[in-house]
Amino acid sequence: MELIQGAEELPAPRVALGARGLELWHDVLADHDLRTDELRVLEDACREVDLIERLEEGLRGAPLVVNGSQGQPVANPIVQELRQHRSLVSRLLAALKLSDAEQQERDAGRRSQQARRAALARWNPA
């Protein structure tokens, strides 16, 4: 995988990404070291973000309600597509299990407090 020149050398995506996808790529890799399989999931999320951007552009100025196959009013199909693609981005990013340093510290502190309470209960039964 190619490296991007900059303050830090980050792996370049294997496919061309749009502005929003590339922004997500850089934001995630600036704070996380990902394995090859995780890079693929990130790349998919970035491509989805770019697709969402294009769908949103297509929806701008378009009616939210259109005529269905029988002439009945229905929601613009782009609205449904946006919802599905946003949900997919959420699942892809969740699959990466990214966490920030603050969250890790809070989790460690919570585990430490739980361990302390367990030890006190074990050694000082009521």
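**Helix packing around α2**

The buried residues of α2 pack against β2 (10–11), α1 and α3 (77–96).

Colleague: What kind of model is this, and how many helices and strands does the chain have?

Modeller: This is a predicted model. The chain has four helices and four strands, and from the N terminus on these elements run β-β-α-α-β-β-α-α. Of the 126 residues, 24% count as buried.

Colleague: Which residues of α2 are buried?

Modeller: The buried residues of α2 are Glu38, Leu39, Leu42, Glu43, Ala45, Cys46, Glu48, Val49, Asp50, Ile52, Leu55 and Leu59. To be called buried, a residue must have under 20% relative accessible area.

Colleague: What makes the span of α2 close to the expected one?

Modeller: Helix α2 has 24 residues, and its first and last C-alpha atoms are 35 Å apart. After α2 comes Gly61, with a positive phi near 80 degrees.

Colleague: Why are α2 and α3 called roughly antiparallel?

Modeller: The two helices pack at an angle of about 160 degrees, and their axes lie 9 Å apart. Angles over 145 degrees count as roughly antiparallel, and α2 and α3 are therefore roughly antiparallel to each other. The crossing of α2 past α3 is left-handed. The residues of this contact comprise 16 nonpolar, two polar and six charged.

Colleague: How is the packing of α1 with α2 described, and which residues make the contact?

Modeller: Helix α1 (residues 19–31) packs with helix α2 (residues 36–59) at an angle of about 145 degrees, and their axes are 7 Å apart. The crossing of α1 past α2 is right-handed. On the α1 side, the contact is made by Ala19, Arg20, Gly21, Leu24, Trp25, Val28 and Leu29. On the α2 side, it is made by Leu39, Leu42, Glu43, Ala45, Cys46, Val49, Asp50 and Glu53. By class, the residues of this contact divide into 10 nonpolar, one polar and four charged.

Colleague: How do you know whether Arg35 is buried or exposed?

Modeller: Arg35 is placed in the loop between α1 and α2. Exposed requires over 50% relative accessible area; at 51%, Arg35 therefore counts as exposed. Arg35 and Leu96 are 61 residues apart in sequence, and their C-alpha atoms are 10.0 Å apart in space.

Colleague: What is the phi of Lys97, and why is Lys97 called buried or exposed?

Modeller: Lys97 is not a glycine, although its phi is positive, at about 50 degrees. Lys97 is found in the loop between α3 and α4 (101–123). Its relative accessibility is 71%, and the cut-off for exposed is over 50%, so Lys97 counts as exposed.

Colleague: How many of the contacts in the chain join residues at least 24 apart?

Modeller: Among contacts between residues at least 6 apart in sequence, 42% join residues at least 24 apart.

Technical notes. Residues numbered from 1 in each chain as written. Predicted model: local features only at pLDDT ≥ 70, side-chain atom pairs only at ≥ 80, totals over all residues. Heavy atoms only, no water. Axes fitted to C-alpha atoms, helices over the stretch in contact; angles between N-to-C directions. Left-handed = near helix turned anticlockwise from the far one by under 90°. Contact = heavy atoms within 4.5 Å. Nonpolar A, V, L, I, M, F, W, Y, C, P; charged D, E, K, R; others polar. Expected span 1.5 Å × (residues − 1). Buried < 20%, exposed > 50% of the residue type's maximum accessible area, 1.4 Å probe, protein only. Parallel < 35°, antiparallel > 145°, perpendicular 65-115°, else oblique.
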